Amino acid sequence: MSRRNTGLTVRAPAKINLHLGVGGVRPDGMHPLLTVYQAVSLYDDLAAAPAEAWRLGLTVDDHVAAHEVPLAGDNIVDRAADLLAAHHGLARADHGAAVHITKAIPVAGGMAGGSADAAAALVALDRLWGLETCDDDLLAIAAELGSDVPFALLGGTAVGTGRGEIVTPVADHGSWWWVLALSARGMSTPAVYRHFDELHPDASPEPPPADALLAALDSGDPARLAATLHNDLQAPAFDLRPDLADRIARGEAEGALRGLVSGSGPTCVFLCGSGEHARAVAAALRVPDPATGAEPVVLVAHGPVAGAHVVEGLAAHG
């Protein structure tokens, strides 16, 4: 093994699904997927430093519900550490670390915030513990942690198949601008899939293809991409949360090229033609709720961006 690192910070991005095709439920209860992921510039940072024992801390942005992030041994970061150590035949109790997550990706928002943290943990702990795990093995460990974790390692734009865990980079010649309309309430992914099954009891076992969208990405044309965005979980999400349909309609009325529920929701994303266009749409959507006076959380992001990577110049928490 190589010398242990003295501490580092790894940054991992949120994802959005530009295409989410869902096949009929299999006998094992899973759904075959064909999705096109894009990593966007909303990030969680994970700092890791040497320590005798395992410690996990958390700082969140104002729009993130800290109480929804488990820290008492049930965080996906704990599971990432366990799997990484086991892969190398190590006794997990002998490998401590002081880990601190600085979280901006919302919890249960359809943007793979937990998956981003898991990917960041794999990269950070592999470096910290001097394990030198090869990329293929890191991707295999990531797939054990969750369907979106391999993409969080890879980043960019990629096709996901299987449960979404088999990722293949694709040609993407655009610089895409997005408005992200976050929600104060998360959504249960299993509940959205169950409602999909209720709405589509005879769904094809093969998810719909994404050929038109992939061609649009290759063209770099925002209008062409807008016309091909697709999410099979949007209709069930609308049924469960009618406010999401209203939000999509509002964003499109304010000039977005197209609105879409991200993943299983509830985050809604709006494609815009430029950074200036995105900032204008975001400003129009930041209208306080007349009942509560609360201003909705609306962010601007661009993609594609890199997957989990070490951030130079940021110190790890001790």
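Student: In which strand is L33 found?

Tutor: This is a predicted model, and its strands are numbered from the N terminus. Strand β2 covers residues 33-49. L33 is found in strand β2.

Student: Does L33 count as buried or exposed?

Tutor: The relative accessibility of L33 is 12%. Buried means under 20% relative accessible area. At 12%, therefore, L33 counts as buried.

Student: Which residues are in contact with L33, leaving aside its neighbours within four places in sequence?

Tutor: The domain assignment gives domain 1 as 3-170 and domain 2 as 176-303. The contacts of L33 include Y193 and P207.

Student: What distance separates the C-alpha atoms of L33 and E165?

Tutor: Along the chain, L33 and E165 are 132 residues apart. In the model, their C-alpha atoms are separated by 9.4 Å.

Student: What area do domain 1 and domain 2 bury between them, and which three residues of domain 1 supply more of its share than any other three?

Tutor: The size of an interface is often given as the accessible area lost when the parts come together. Domain 1 and domain 2 bury about 2,600 Å² between them, 66% of it on carbon and sulfur atoms. Of the area that domain 1 buries against domain 2, 21% comes from three residues, more than from any other three: L18, L20 and V22.

Student: How many residue pairs are in polar contact across the interface of domain 1 and domain 2?

Tutor: The count of salt bridges between domain 1 and domain 2 is zero. For polar contact, with both residues at pLDDT 80 or more, the number of residue pairs across this interface is 15.

Notes
Residues numbered from 1 in each chain as written. Predicted model: local features only at pLDDT ≥ 70, side-chain atom pairs only at ≥ 80, totals over all residues. Heavy atoms only, no water. Domains from an automatic or database assignment. Buried area = accessible area lost by both parts, 1.4 Å probe. Salt bridge = Lys/Arg side-chain N within 4 Å of Asp/Glu carboxyl O. Polar contact = N/O pair within 3.5 Å; in protein donor to acceptor, adjacent residues only side chain to side chain. Helix = DSSP H or I, 4+ residues; strand = E, 2+ residues; numbered from the N terminus. Buried < 20%, exposed > 50% of the residue type's maximum accessible area, 1.4 Å probe, protein only. Contact = heavy atoms within 4.5 Å.
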